[in-house]
Amino acid sequence: PTLAQFLLKKQILSEPEANALVRQLAQAIHYLHAEHVLHRDIKPSNVFVTKSDPLELMLADFGTARLTAQQTMLTSSCGTVAYSSPEALTGLQSEASDYWSLGIILMEALTGRQPFAGIDLKQQLYRVVSGQIEIPEGVSPRWEELLRGLLRTDYTQRWRKKEIDAWLRADVLTNATPVFATRSAPPKSAPPAARSGAWLIP
């Protein structure tokens with residue numbers, strides 16, 4: 001199944017599952033960027049669940065992926081609005097854009113709700129571009145820290161693999177904070193992620 005189907009059935013991921021999602025998708029994104037590829041359309045329907053216990057993921061659908069030798073590039077906007085970064089919707093694409101998409105996916109996985117569910121396209125565009133992303137109450141401070149890092153409107157300050165790895169290491173050292181504090185193919189073929197963590201489907 002896709003991650004979208006998995007979340008529809010599961011609603012909210014457990015602590016180990018949420019950690020696996022962050023770790024594997026961050027590794028897959030980092031691998032693509034090391035190969036100078038921007039995915040540009042990371043969303044639950046483009047992630048496959050190849051194993052549910054423990055959770056193993058596979059990143060797919062590279063139809064909008066682009067090769068780039070630069071940190072940022074100007075393009076026409078693409079991808080799905082609900083998972084697109086502010087800069088992507090205004091035509092500026094960067095590696096950080098893929099990490100924004102990870103942040104939106106993570107919020108959905110932690111809360112059981114897509115942040116823009118029930119909001120029309122015009123309002124989605126306005127909220128994303130203006131950085132109006134609300135983190136639901138009840139998300140534990142540690143997960144909130146990660147979400148705020150991934151969903152920074154300023155893409156130059158947005159968290160990437162280095163910050164995510166540091167967050168994961170700290171999370172292990174503190175014995176993992178509960179999710180809720182108060183409630184429960186790229187243009188070139190790439191080898192699967194023995195190196196990337198999550199498998200990549202061209």
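The legends below describe close-up views of a predicted model.

Residues are numbered from 1 along each chain as its sequence is written, and side-chain values use heavy atoms, with hydrogens and water left out. Local features need pLDDT of at least 70 and side-chain atom pairs count only at pLDDT 80 or more, while totals for chains, interfaces and linings use all residues.

**View A. Packing of helix α2 (residues 15-34) against helix α4 (residues 95-111).** Helices are DSSP runs of H or I with at least four residues, strands are runs of E with at least two, and both are numbered from the N terminus. The axes of α2 and α4 lie 11 Å apart at an angle of about 165°; axes are lines fitted to C-alpha atoms, for helices over the stretch in contact, and angles run from 0 to 180 degrees between N-to-C directions. The two helices are therefore roughly antiparallel (an angle over 145 degrees). Contact (heavy atoms within 4.5 Å) joins A18, L21, V22, L25, A26, I29, H30 and H33 of α2 to E95, D98, Y99, L102, I105, L106, A109 and L110 of α4. By class, these residues are 12 nonpolar, 2 polar and 2 charged.

**View B. Packing of α4 against helix α6 (residues 141-150).** The axes come within 8 Å and cross at roughly 150°. From α4, Y99, W100, L102, G103, L106, M107 and L110 meet W143, L146, L147 and L150 of α6. This contact has 10 nonpolar residues, 1 polar and no charged.

**View C. The largest pocket.** Its space is about 240 Å³. A pocket is an open set of points on a 1 Å grid over the protein atoms alone, where a 1.4 Å probe fits, with protein on both sides within 12 Å along at least five of seven lines; lining residues have an atom within 4 Å of a point. Volume is the space filled by probe spheres set on the points, which are joined across faces, edges and corners. The lining consists of M107, T111, R113, Q114, P115, F116, I119, R127, Q132, I133, E134 and P136, of which 6 are nonpolar, 3 polar and 3 charged. Ala, Val, Leu, Ile, Met, Phe, Trp, Tyr, Cys and Pro count as nonpolar, Asp, Glu, Lys and Arg as charged, and the others, Gly among them, as polar.

**View D. Backbone at P54 and Q11.** D53 and P54 are joined by a cis peptide bond with omega of about 0°, and P54 sits in the loop between β2 (47-52) and β3 (55-59). Q11, in the loop between α1 (3-10) and α2, has a positive phi of about 75° although it is not a glycine.

Key. Angles under 35 degrees count as roughly parallel, over 145 as roughly antiparallel, 65 to 115 as roughly perpendicular and the rest as oblique.
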